[in-house]
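Have the sequence and the model at hand as you read.

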Amino acid sequence: MQTPKILVTGANGQIGRVLTEALRAKYGNQNVLASDIQKHHLHNDPFEFLDILNTQRLKEIIEDHQINQIYHLAAILSANGEWNPVKTWNINLNGLLSILELAKDKKIEKIFFPSTIAVFGKTTPRVETPQDVPLLPTTVYGISKATGELLCNYYNLRYGIDVRSIRYPGIIGWQSLPAGGTTDYAVEIYHAALKGDNYECLLAEDTRLPMMYMDDAIQATLQLMDAPPENIRVRYSYNLAAMSFTPAEITAEIQKHIPDFKVVYKPDFRDEIARSWSESIDDSRAREDWGWKPGFDLASMTRDMLHHLSKEILKN
Ligand code: AKB
């Protein structure tokens, strides 16, 4: 197999930072081009500044660097999206559309599009949500991602584009901070605990959400992208699961290591968003089609998070 030439959009984001490093470890630095609208260098070279709405620049970058795979992570998340629905729709949808259009000439061999549990809504069964369910999302982020899934499916059916997608749950990692999501609390809470602060949680103590450790999310992404095309039966987006917990449960798990840690609950609009999503996910299709299996549960994730994060905090 020829080494791919990869473009990562949104490479400075929570998942982008870690995924870019993982792709570079796998394919070599020079074969993975990081891009983002934030200019500061979180990555070694190669890096290109890219506003995903600038289709001409996107095209030039693809041509100049002879890109043949794209991991399209640039997006505005659920909570931030509610402050500016039109901007969120444009960034989350038009960037994807440009990439799918540019892929029609067949030089782009594979595309990864991250979807989310935010595509689910009040019409979706909340427990063990099956793969194929009515989607009626109530955030503009969820609406844009559900539409993105349909576009991926359409461009695959109509033009044979090899586009693959995962519905990520909330992602938790020590390497990077999330920005503007509903599930951000599950990362911030570890930082607060290790700094000896009390944590103010914007979700209610019993709001249960599907979550996943960053290592598993990266592993799943690489696994999906490596799977033979004939195994990929779902071209809109795969359900993916690892664990589900409430703020009270993650707090109790952290308190096993840091007994004095305290959380106060001040639920705001994010709690309402969270309650419109699933509590747990049936990901049997991903397990059957490309062998997905998570490695971390709440206890092992908490041990690993506290171990790595305490070293990071000591460094700074
Ligand atoms: C968010 O909270 O908006 C994201 C997501 C679940 O897609 N983390």
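Between them, domain 1 and domain 2 bury about 2,300 Å², with 57% of that area on carbon and sulfur atoms. Buried area here is the accessible area (1.4 Å probe) that two parts lose on being put together, summed over both. On the domain 1 side, the residues that lose the most area to domain 2 are Gln-14, Arg-126 and Tyr-213, which together make up 34% of what that side buries.

A word on the source: this is a predicted model, in which local features need pLDDT of at least 70, side-chain atom pairs count only at pLDDT 80 or more, and totals for chains, interfaces and linings use all residues. Residues are numbered from 1 along each chain as its sequence is written, and side-chain values use heavy atoms, with hydrogens and water left out.

Where does each domain run? Domain 1 covers 6–170 + 213–239, and domain 2 covers 173–210 + 244–279 + 296–315; these bounds come from an automatic or database domain assignment. The domain centres, taken over C-alpha atoms, are 25 Å apart. In contact (heavy atoms within 4.5 Å) are 27 residues of domain 1 and 29 residues of domain 2.

Arg-126 also forms a salt bridge with Glu-279, with 3.4 Å between the closest N and O atoms. The rule asks for a side-chain nitrogen of Lys or Arg within 4 Å of a carboxyl oxygen of Asp or Glu, and it finds 1 salt bridge across the interface of domain 1 and domain 2.

Now to the ligand. Which residues are around the ligand? They are Leu-77, Ser-78, Thr-116, Ile-117, Tyr-141, Gly-181, Thr-182, Thr-183 and Trp-277, each with a heavy atom within 4 Å of it.

| Side chain | Ligand atom | Distance |
|---|---|---|
| Thr-116 | oxygen | 2.7 Å |
| Tyr-141 | oxygen | 2.7 Å |
| Thr-183 | nitrogen | 2.9 Å |

Conventions. A polar contact is a pair of N or O atoms within 3.5 Å; within protein, one must be able to donate a hydrogen and the other to accept it, and residues adjacent in sequence count only if both atoms are side-chain atoms.
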